[in-house]
Amino acid sequence: MKRAFIFPGQGSQAVGMGKALADNFPAAKAVFDEVDEALSQKLSTLMWEGPAEELTLTANTQPALMAVSLAAMRVLEAEAGLGLKEHAAYVAGHSLGEYSALAAAGSLSIADTARLLRIRGNAMQNAVPVGQGAMAALLGLEYDTALEVAREAAQGEVCDAANDNGGAQVVVSGHKAAVERAVTIAQQKGAKRAVMLAVSAPFHCALMQPAADAMREALAGVAVNAPAIPVVANVEAAPITDPDAIRDALVRQVTGTVRWRECVAFMASQGVEAFHEVGSGKVLTGLVKRIAAGAAASAIGTPEDVAAFKATLQG
């Protein structure tokens with residue numbers, strides 16, 4: 001069976017995530033310790049004890065979600081004998097999850113990934129003054145129609161398609177007034193729902209250019225290796241393996257659209273039959289089921305999930 005391992009992005013965080021893995025598996029505990037040391041912060045304590053408001057801060061959420069994903073991967077390697085080269089065709093991740101995918105595939109070290117995501121979180125948060133930007137989910141509109149909505153709503157301001165999540169779910173991002181106009185226009189164009197999102201900054205739009213510049217500088221100083229297997233990049237919706245192409249894709253991703261629908265569709269078109277979401281939550285598992293009809297999708301984030309996966313791998 002052809003498999004892909006996929007990694008969640010912001011919105012999948014929850015207080016307590018990863019604790020059962022750390023309590024049950026030394027390989028997981030080692031990852032959390034490595035991230036804590038890399039950031040000079042007991043991020044693991046914040047993840048397991050809260051408060052939720054602090055965990056939800058972008059600069060904490062991004063490395064925290066990566067830590068859970070990589071802890072789960074290390075457990076799969078140690079307990080289930082998982083080897084990406086042997087058992088997977090691709091890895092991919094949603095937004096910050098692309099960094100998790102790269103770390104899982106050996107392209108980035110865990111410590112460097114944690115530090116990069118801390119920089120990324122701070123840079124994205126600081127790129128736009130609080131209250132000036134916004135994001136909204138447009139549900140029930142196909143991507144091309146959502147693009148028309150964004151263009152119509154811009155009126156000289158920024159309104160970009162941030163996420164094409166599949167299943168007629170598109171998120172737009174930009175100046176607050178422009179995004180509010182997009183909500184109204186989307187409803188006029190037949191959206192089932194169009195709702196403003198409770199986010200701290202307008203991610204994945206042109207307003208994030210200062211953050212993209214910060215990531216270009218940060219990535220220039222980090223070792224990037226060719227991944228063990230191809231990474232399907234958000235901005236390309238195609239596999240990349242060259243270290244320079246990886247750096248470039250991560251920089252462009254900050255202002256570019258997360259083309260998740262196309263990423264999953266590409267992997268399915270290449271014969272991937274099973275998608276395994278590694279880390280916290282089941283958001284991507286739900287999206288895969290909408291995009292790739294007939295493909296199996298499962299989430300691996302708890303000891304029970306690890307046991308279930310081990311049975312499928314060895315059965």
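Trainee: What makes the crossing of helix 8 past helix 11 right-handed or left-handed?

Mentor: Helix 8 passes helix 11 in a right-handed crossing. That term means the near helix is turned clockwise from the far one by less than a right angle; anticlockwise is left-handed. This is a predicted model: local features need pLDDT of at least 70, side-chain atom pairs 80 or more, and totals for chains, interfaces and linings use all residues. Residues are numbered from 1 along each chain as its sequence is written, and side-chain values use heavy atoms, without hydrogens or water.

Trainee: How do you know whether helix 8 and helix 11 are roughly parallel or antiparallel?

Mentor: Their axes cross at roughly 160° and come within 9 Å. Over 145 degrees counts as roughly antiparallel. Helix 8 and helix 11 are therefore roughly antiparallel.

Trainee: Which residues make the contact?

Mentor: Helix 8 gives L116, I119, R120, A123 and M124. Helix 11 gives A211, A214, M215, A218 and L219. Contact means heavy atoms within 4.5 Å.

Trainee: How does that contact divide by class?

Mentor: Nine residues are nonpolar, none polar and one charged.

Trainee: What lines the largest pocket?

Mentor: The lining has 31 residues. Q10, G11, N163, L197 and V199 lie nearest the centre of this pocket. Lining residues have an atom within 4 Å of a pocket point; a pocket is an open set on a 1 Å grid where a 1.4 Å probe fits, with protein on both sides within 12 Å along at least five of seven lines. Helix 8 (110-126) is among the elements supplying at least two residues of this lining.

Conventions: Helix = DSSP H or I, 4+ residues; strand = E, 2+ residues; numbered from the N terminus. Axes fitted to C-alpha atoms, helices over the stretch in contact; angles between N-to-C directions. Parallel < 35°, antiparallel > 145°, perpendicular 65-115°, else oblique. Nonpolar A, V, L, I, M, F, W, Y, C, P; charged D, E, K, R; others polar.
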